[in-house]
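Here's a quick briefing to read alongside the model. It starts with charged pairs, then moves on to helix packing and the surface.

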Amino acid sequence: MALNWVWIGFFCVAFATALVRALSGDEGVFQALLTALFDGARSGFEISLGLAGVMALWLGLMRVGERAGMIDMLARLAGPLLRRLFPAVPEGHPAQGAMTMNISANLLGLDNAATPLGLTAMRELQSLNTREPEVASNAQIMFVVMNTAGLTLIPTSVIAIRQSIAVKQGLGAGFNAADIFLPTLLVTFISLFAGVLAVALCQRLPLWRARFLLPVLLIGGLLAAAVTALGRLPAEQAAHIAGVTGAAVILSIVMLFLLVGAWRRVNVYHAFIDGAKEGFGVAVQIVPYLIAILVAIGVFRAAGCMDALMAAVGSVVAWLGWDARFLPALPVGLMRVLSGAGARGLMIDVMQTHGVASFPGRLAAIMQGSAETTFYVMAVYFGSVGIKQARHALACALFADAVGLVAAITVGYAMLR
């Protein structure tokens, strides 16, 4: 129900803003909205079409892993932690293995692998959601909110963009494109914790018990060790290690599935084909959901609502007498919730306008690297299984986004000079 009113709100606010602009003499605003409407529809279809091949690939590999018994093994390994977050998912259920692989791919920054693995996990969770299949289950809500938190160990793409712009701006060898690495990781963990806590409160999960806290502390310790080690390396070397590690892990998993399947006398080829056939159906199913959210966001932006919001925030900051250095980067954090491509474009604009080594330039990079496109993730993940009522998922995800945005600004002032 929340998504319904948010979707209507995007159109109503956009139309009202466009009407005011038209009465003020801006006669081209309605044409801009119409163009954004059709562009959003086309983008939604193109994204879904591009996802079809990736979905076919990963669903095929997941079917091989399932028949080889590897998904069940992953589920058992992740069971102690996932049982606390997803108590309704039976121990050893295939959803646990799929969620483990999705979270691992997100940590490594492998978006092409994380999305299809996440959609596979949603389908497995939907198999348990038999009472009200059009209403999101508690487990699905927790999983989607964790994905909207955008947990990534190393923001490789953001670091690469900063390095490229730094070269164009003539910065010397002393420039460290990865100086946003630790702040970004800290912010994304804060956002993830806020999202999980919000969902846990709504679902009354006892996350303060030692059986949950100990695995979390163990994983946090391992991640902290990895962060410390990588944080001491030069930017290019850290980005290179992240890319190589991510690719090596994924390819190793693929080979493990294939070899174990062959060892257990599974017809690996036919298992892959059986799984791949389902990929096209999933891609087609999300088309209407994706188009719906993209056209709403498109008209909202085209009407100038984001610009108006930024002007209002700037006025409040000036009235309060706060340090306004964060304002140029703020649109990136706000847009990241709506559009990943739009936020990336805004981040590049901030870096080019203010300098990649400036405070706004680095803060924009932190905001881009520590968040995920909330509305896109919710539309794709819930749409893939036909969920129409997201319950408290949107509120919890937006709460995590708000906490992450505030954390990015706070951490930026504390750690950037």
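D39 and R42 sit three residues apart in helix α2 (residues 29–68), so about one helical turn separates them. Their side chains meet in a salt bridge at 2.9 Å, N to O; the term means a Lys or Arg side-chain nitrogen within 4 Å of an Asp or Glu carboxyl oxygen. Keep in mind that this is a predicted model, where local features need pLDDT of at least 70, side-chain atom pairs count only at pLDDT 80 or more, and totals for chains, interfaces and linings use all residues. Residues are numbered from 1 along each chain as its sequence is written, and side-chain values use heavy atoms, with hydrogens and water left out.

**Salt bridges**
- The structure has four salt bridges.
- D39 is partly exposed at 30% relative accessible area, and R42 is partly exposed at 44% (buried is under 20%, exposed over 50%, partly exposed in between, with a 1.4 Å probe and protein chains only).
- D274 pairs with R67, with the closest N and O atoms 3.2 Å apart.
- That pair ties together distant parts of the chain, 207 residues apart: D274 is in helix α11 (residues 268–285) and R67 in helix α2.

**Helices**
- Helices here are DSSP runs (H or I, at least four residues), numbered from the N terminus.
- Eight of the nine residues in helix α14 (residues 330–338) are buried, including P331, G333 and R336.

Technical notes
Helix = DSSP H or I, 4+ residues; strand = E, 2+ residues; numbered from the N terminus.
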